[in-house]
Amino acid sequence: MNSATPTAAEAAVPTPAPRQFGLRAVLISLAIIEAGLGFSDAPTLLGDMTHIGSGIGSGLIKAHLAAHPLLATAAIVFAAMGRVRHAIIALGTIIIMAWLSDMPSVVARGFELKSTFSIVETTARVIAFPLIAACAIAYAAHNEHLGRAMLLVSIPTLFTAVLLAGFAVSVMIYGF
């Protein structure tokens, strides 16, 4: 049959998903930044960890230190393979694990609000970032608003990168 209308077999073939090159590129660059941060903290696991202490708080810190580079590497691989949802979930999990590793000190000492800068940083790390990560993970899990989820999951990474750049500039200007 050479009719212009498609048959049932032709109509059943799904159209391929869009490649999402922009999302993939941004997620790969975010995951590379997170991998660099994770691998820079990883030697702590191989050294003397008595300063971390013991108990559930130290377990959370050690789990974060061990999982951070692995999750960042997984996010790079997922984004490179085109699995944008999985990359967003991996990056969101890094944020949640960082929040969990901060919780023992928050519980022990409370909010440390000594200056305007520490108020902004503490509020962001303890309140805003876990909520942002939860929203991004929910969007990605439901395969909805992936661009918005990528934007949400990028905020904590970019916040950390800006803080590190500001510290580097201040050290170059004023010295250590």
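Which residues in α2 meet which residues in α7? I looked this up in a predicted model.

**Contacts of α2 and α7.** From α2, I listed Leu23, Val26, Leu27, Leu30, Ile33, Glu34 and Leu37. Their partners in α7 are Leu146, Gly147, Met150, Val153, Ser154, Thr157, Leu158, Thr160 and Leu164. I note that in an α-helix residues three or four places apart point the same way, because there are 3.6 residues a turn.

**Crossing.** I checked the axes of α2 (residues 21–41) and α7, which come within 10 Å and cross at roughly 35 degrees. The crossing is left-handed.

**Course of α7.** I followed α7 from residue 146 to 174: 29 residues, with 42 Å from the first C-alpha to the last, close to the 42 Å expected. I found a kink of about 30 degrees at Ile155, shortly before Pro156. Just after the helix, Gly175 has a positive phi of about 80 degrees.

**Course of α5.** I then turned to α5 (residues 84–109), which has 26 residues and reaches 38 Å, close to the 38 Å expected. It bends by about 30 degrees at Asp102, and Pro104 follows within four residues. Gly110 comes after α5, and its phi is positive, near 80 degrees.

**Confidence.** I read an average pLDDT of 84 for the protein, with 85% of the residues at 70 or above. Where pLDDT is low, the predicted coordinates should not be read in detail.

Definitions and conventions
Residues are numbered from 1 along each chain as its sequence is written. This is a predicted model: local features need pLDDT of at least 70, side-chain atom pairs count only at pLDDT 80 or more; totals for chains, interfaces and linings use all residues. Side-chain values use heavy atoms; hydrogens and water are left out. Helices (H or I, at least four residues) and strands (E, at least two) are DSSP runs, numbered from the N terminus. The expected span of a helix is 1.5 Å times one less than its number of residues. The bend at a residue is the angle between axes fitted to the seven residues ending there and the seven starting there. pLDDT is the predictor's confidence in each residue, from 0 to 100. Axes are lines fitted to C-alpha atoms, for helices over the stretch in contact, and angles run from 0 to 180 degrees between N-to-C directions. A crossing is left-handed if the near helix is turned anticlockwise from the far one by less than a right angle, and right-handed if clockwise. Contact means heavy atoms within 4.5 Å.
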